[in-house]
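Here's a short tour for anyone meeting this structure for the first time. Have a look at the picture, then read on.

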Amino acid sequence: MNFKKDFETHLKNFYDNYPEVKPMLGQSMDMSFWHIQTYMLTKLGINDWTKDTSILDLGTQMGIIPHYLKEIGFTDVTATNSKEEAGNKIEELEQAWKSLNLEVQPLHIKPEEEFTLDKKYDIILGTHINIHWNMRRMLVIHNSYIYQNYYVMDKNNNFHTYFVPYNVSELKFFIENIKKYLTPTGKALINFHPFPYWEDRFKEELDLLKEHCEVGYCANDGQLFQHSYIIIEGNK
Ligand SMILES: C[S@@+](CC[C@H](N)C(=O)[O-])C[C@H]1O[C@@H](n2cnc3c(N)ncnc32)[C@H](O)[C@@H]1O
């Protein structure tokens, strides 16, 4: 299989096949949006996976990846999404999952709180996910009142989003929790978005990631904050 080419064709046909989902997709129908995902999946060896590989897409949003995998014959594909993070977009997402015939399990991961999955997987994907935002420590002060809002829109309608990334112990906890749900030869690809850990002030976090995982980034592109990922391996 030539995954990259096949996925591109799938996306090109998507508009025609699912016109009702089209208005909800926005920038995620642009092929350049999927450049990093196709790069990472290729690196993870998707071209060689057997069709019975058990795959979990963690934080699927519209469900594009699990839908594609099922379409091309993978038989054990599961997806999760956070209702809390989706907020009032959840109805739109549920509509899209219905059209794509996908069952998506709700899962919201909190810092240093154990989460459970239904079973162990050969592959766990978490592409373009903001699971590592610890909003509990995020505060905003406005007119002498404290709020927890994490974005503002400026006068030009541009969003400014604020977040506190997971620290060393939160990352460690998350990695160990993921490992519990990987088969001994399993792998999890987690593309924290954005990936803040190249900055000097997060050196301890980067050192921890490098010690416990493979840290990579999509070649040919300088936007490290967008295009970095970690690969967690199962306990052999
Ligand atoms: C931008 S979407 C990524 C969608 C898709 N994986 C992709 O590659 O385009 C971010 C995803 O992260 C998930 N997410 C964010 N915070 C989360 C949390 N605390 N726990 C679980 N999932 C979370 C959301 O549910 C959402 O599906």
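## Ground rules

Two strands count as paired if DSSP finds at least two bridges between them. Helices (H or I, at least four residues) and strands (E, at least two) are DSSP runs, numbered from the N terminus.

This is a predicted model: local features need pLDDT of at least 70, side-chain atom pairs count only at pLDDT 80 or more, and totals for chains, interfaces and linings use all residues. Residue numbers start from 1 along each chain, following its sequence as written.

## The sheet

Let's begin with the strands. β2 (residues 76-81) and β3 pair in the parallel sense over 3 bridges, and Ala79 has Val104 in β3 as its bridge partner. Both strands belong to an open sheet of 7, with mixed pairing and the order β3-β2-β1-β4-β9-β11-β10. β3 (104-106) and β10 (214-217) stand at the edges with a single partner strand each, so one side of each has no neighbour in the sheet. From one strand to the next, the twist averages 20°.

## A helix lying across it

Helix α4 (residues 64-71) lies across β1 (54-58), β2 and β4 (121-129), and runs at about 170° to β2. For angles like this, axes are lines fitted to C-alpha atoms, for helices over the stretch in contact, and the angles run from 0 to 180 degrees between N-to-C directions.

Is α4 mostly covered or mostly open? It's mostly covered, with 6 of its 8 residues buried. A residue is buried if 20 or more other C-beta atoms lie within 10 Å of its own, exposed if 12 or fewer, and partly exposed in between, with C-beta atoms placed from the backbone. The buried residues in α4 are Ile64, Ile65, Pro66, His67, Tyr68 and Leu69, and they pack against α1, α3, β1, β2 and β4. Just after α4, Gly73 takes a positive phi of about 110°.

## Two helices crossing

Now for α1 and α3. The axes of α1 (residues 3-17) and α3 (residues 35-43) come within 10 Å and cross at roughly 145°. Phe3, Lys4 and Phe7 in α1 meet Thr38, Leu41 and Thr42 in α3; contact means that the C-beta atoms of two residues, placed from the backbone, lie within 7 Å. The residues of this contact split into 3 nonpolar, 2 polar and 1 charged. Here Ala, Val, Leu, Ile, Met, Phe, Trp, Tyr, Cys and Pro count as nonpolar, Asp, Glu, Lys and Arg as charged, and the others, Gly among them, as polar.

## Around the ligand

Which residues come nearest to the ligand? Of the 17 around it, they are Gly59, Gln61, Ser82, Ile109 and Thr127. Being near means having a C-beta atom, placed from the backbone, within 6 Å of the molecule. β4 gives the largest share of this shell, 3 residues, while α5 (83-86) and β4 each supply at least two. By type, the shell holds 5 nonpolar, 11 polar and 1 charged.

Asn101 sits in the loop between α6 (90-99) and β3. Its phi is near 60°, a positive value in a residue other than glycine, and Asn101 is exposed, with 10 other C-beta atoms within 10 Å. His128, in strand β4, also has a positive phi near 60°. With 19 C-beta neighbours inside 10 Å, His128 counts as partly exposed.

Lastly, the peptide bond from His193 to Pro194 is cis, with omega near -5°. Pro194 is found in the loop between β9 (182-192) and α8 (203-212).
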